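Hi everyone, thanks for making time. I'd like to walk you through one interface today, so let's bring the structure up.

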Number of protein chains: 2
Amino acid sequence: MPDRAAAPTLQDKLAAAKHASTALATATTEQKHAALRAIAEAVRTGADRILPANELDLANGRENAIGAGLLDRLRLDQPRLDALAEAVEVVVGLVDPVGEVVRGRSLPNGLQISQVRVPFGVIGAIYEARPNVTIDIAALAIKSGNAVVLRGGSAAAHSNGALVALLREALESAGLPADAVQTIDEFGREGATELMRARGLVDVLIPRGSAQLIQTVVRESTVPVIETGAGVVHIYLDESADEAMSVDIVRNAKVQRPSVCNAVETVLVHAGAADRLLGPVLTALREAQVTIHADERAIGVVPGALPVTEEEYATEHMALELSVRVVDSLDEAIAHIRSYSTAHTESIITGDLGNAERFLREVDSAVVMVNASTRFTDGGEFGFGAEVGISTQKLHARGPMGLPELTSTKWIVRGQGQVRG
Amino acid sequence: MPDRAAAPTLQDKLAAAKHASTALATATTEQKHAALRAIAEAVRTGADRILPANELDLANGRENAIGAGLLDRLRLDQPRLDALAEAVEVVVGLVDPVGEVVRGRSLPNGLQISQVRVPFGVIGAIYEARPNVTIDIAALAIKSGNAVVLRGGSAAAHSNGALVALLREALESAGLPADAVQTIDEFGREGATELMRARGLVDVLIPRGSAQLIQTVVRESTVPVIETGAGVVHIYLDESADEAMSVDIVRNAKVQRPSVCNAVETVLVHAGAADRLLGPVLTALREAQVTIHADERAIGVVPGALPVTEEEYATEHMALELSVRVVDSLDEAIAHIRSYSTAHTESIITGDLGNAERFLREVDSAVVMVNASTRFTDGGEFGFGAEVGISTQKLHARGPMGLPELTSTKWIVRGQGQVRG
C-alpha cells in the first residue's frame, strides 16, 4: 500500500500500469487463470470488506438523492457478489486470444512472416457508478493480458476502492504485478481528463455508460477510443411483413428489456401494410404500457398516441416509449435510418428476398438483421462468452466485442540473414 | 464544375463525399475497376493538363526556396506519370476486400450470423506536397469502396487540382459519382483543422508525412486516426551474432534507402561482441559515408565517431547518420528500445534461440524480426501488393497496411422470426 505521506500522482499510477503491462503481456494463460480464480474467490468471500464500503457509497447516494435506478445499480449484496464471482469464472473458461496466429506465410526470399495477437498494453476504462463493471472489465483485461486503469465515478468510489484492493491482492497471489490494476477515482474529473490525454501511456480507452459520457470521451481524448453503446435502433415493417412475426419481434425488441442499447426506439412501417400491421402491433405494445409517439399518418390508426417530434426520432429513450412512422417505400425507410440511426442495430421484417438483401447491403449499421429481434445484438447471444461492450464505431471493432477485440497484433519476421535488394 | 459565384464550402464537400460514399460502398468490383482503368488512362495521357499545373507549383516552390528534396518530390514528368498509371493498374489486380466473410456461424436458436467486410465510408487523407499520393490514395480508396477527401498541402495545390479533376471525370465515366473524390486544398490550414473535427462525416483519417504532421493530426482530430510512419528503428547485435550477417544487415538497413521509415537509426551491440563486430560493421558504414554517433563505450572502437546524445537516440534521422550504443545484456537492449523506439520495427541478429524468442516476445513493436533487415517492413515486401502506409498504433491496424485495412466490418443476422427469451 502506498504511504499516505507520498500518495502516488495520477502520472505515477499510469506509469506503474504501463510498467506492469509487460509482465501481463508475457504471462502464461495459467498464471492469468490463477489470478482470475483468486479474484472470484476474493469477491465471493469478501463481503466483510466490500459491503461496508458499498454502504458508504449508498449512504452518500441517498443523501444526494441520486434516484432509485442509480442506487440499485450501485448496490452490492451477497447474491450480486456471487454473480460477479461467477462471471469471472466464465472468463476463465474463454479462449485466451493472446498468441493466436491470425495469418502467416513464407515470402519468396525465405522470410517467414506471421501476424500474432498481442495485448494492447494498458486499457483505460471510464464508466459510471456501477461497481460490477470494475470487476467485469478488470477480469476481461487480465485474461487478454492487459493492464487496466479504472475510472469508475465518484459515486462508487468506496466500493471501487475495496474491489480494486482485492483485485491487486489477487494479482500478487498469482505472481503478477498488483500495479496492473489501478483506480484513479481519487483524482476526480480532472483525473478523467488527464487519463483521456495520456497518449503513449494508455493504449486504448473504453467508455461505458450514458451517451453524454461517451461523447465527452470521444471529444476530449487523444488516446484512441472505442466508442460503445448508444443505440437509436430501428425496425422496418416491410409491405410483406408477417403479422404475427411483426407483433412478436417489435414487442420483444421494445418490452423485454427497455433500458438497454439494443432495444428498439423507432418502428417504420410501409404505407401498404400500415392498416394491416399497426393495429395488432400497437395493441400488443399498449398492453405492455408502452407510450406511442406517432407521425401524422400513423396517428389515425393509433388511438391515444402522442404526436412524434424530430427530436424523438433521434432519442434513445431506454424506456417504454416508441416512435412510429409510416413510409412509402424501402428507400424512405433507409433514408430515415440514415438520418436518425446511431448505426447500432436495425432489423427488417419482410417476406421479400430482394428487399431483405437491399436492406442488409444498404443499411450501414454495426448489426443489420432480417426477421429477428434487435435484442440479439449481444456478445453473449453471439457466442463470445463475455460482454466487453458493443462498438458503434468502424475502426478496430464493430458490433458486439469479445476478448479478441481487447488485443492488437504484431508481425513476427524470421530470417536467415536476408537483406533487401 | 461548381459555379465560382457559389463555390462549395468545406462542409458542402464533406457532405457530398458522404452522400457519394453510399454508391461507392455498393458498387460492384467491375464498376470500380472501370473507374480505376479510366484513371490510369487519364494519368498516362493527361500530361497536357497535369504538367502545366505542376509547373505552377514548381515555380512557386522555387520562388519560396523549398529545397531540392521537396522540389523533387513535387515534380511530375511523363516517366513519373507512366509509373503512377502503372501503380493504379496494380491496384486493379488486387483482391477486392469488400464483401469478404470474415467469420460466421449458426446460433443454437437458428439465427445465422456472419461478419462481412464493408468500406469505412469516407476516408480523409492529409499529406504533404506529393502529388503522386493524390493518385495512390484515391485509387486505394476507390478499390476498397470508400469516398475520399484529400488535403494534399498548398505547395502542390495546382497539381492536386488537376489530378482530382481527372479522378472525378474517371469516376463519372464509370457511372460512379464524381463527388466520391474531393480536394480541400483551397481551404488552407483551417480546412485541415475542420477536416480533423468532422466526426460523423469522415470515418477515418490517415495522415502521411513528417512526424510533426502526424502528431498534429493525432492531437487535433476527433475523427478516428490511423497513425502511420515515424520509425526510430533498432537493430540489436547479440553476443552470438554472425559477423558477415551483422555487416550485411546493418549496411542494408541504413544505406539502401536512408530516407524511409524502416531504415535503422540505432545499432545496439552486446559488450561481449563489441570488439569483434563494431570494427567490420562501422568500416562498411563509413565506406558508405554514414556519420556515426557513438556512446562512451563504443567511441573507443570507432575512430572519428561523434559522441551520441539522448536526443539523437530519439531522432528519426532519415539520412546517413546512425547512433551506436554498447549494452551489457539483452535486457539492457530491450530497455533501451522501450525508451526510444517508436514501435515501428526492431531486429535482433543472433544465433541464440532463447534470445531470439525473448526478443520477439518482449519487444512490443509493430514488426519484430530475427536475422533480417528492417527494410522488409513494407506492404509490397509482405505481399500485400500495395502500400497504404505502415501503422504504428495498436488500434485497427498495426504494421504494413493492405487494402483490407481500409475496410470495417458489419454483422449480418438472418432469422425466421426469432425473439429473445
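Let's start with the head count: 72 residues of chain A touch 72 residues of chain B. Please keep in mind that this is a predicted model.

How much area do chain A and chain B bury between them? The computed figure is about 5800 Å², and 53% of it lies on carbon and sulfur atoms. On the chain A side, three residues lead: A:Leu395, A:Trp411 and A:Arg420 contribute 15% of the area chain A buries against chain B, more than any other three residues do.

Now, A:Arg420 comes up again on the charged side of things. Its side chain forms a salt bridge with the side chain of B:Glu381, with N to O at 3.2 Å.

Which element of chain A gives the largest share of the side that touches chain B? That would be strand E16, residues 407-418, with 11 residues. And by class, that side of chain A is made up of 29 nonpolar, 22 polar and 21 charged residues.

Let's stay with E16 for a moment. E16 of chain A pairs with strand E13 of chain B, residues 367-372. The two strands run in the parallel sense, and the pairing covers 5 bridges.

How values were computed:
Residues numbered from 1 in each chain as written. Chains lettered and ligands numbered in written order. Predicted model: local features only at pLDDT ≥ 70, side-chain atom pairs only at ≥ 80, totals over all residues. Heavy atoms only, no water. Contact = heavy atoms within 4.5 Å. Buried area = accessible area lost by both parts, 1.4 Å probe. Salt bridge = Lys/Arg side-chain N within 4 Å of Asp/Glu carboxyl O. Helix = DSSP H or I, 4+ residues; strand = E, 2+ residues; numbered from the N terminus. Nonpolar A, V, L, I, M, F, W, Y, C, P; charged D, E, K, R; others polar. Pairing = 2+ DSSP bridges.
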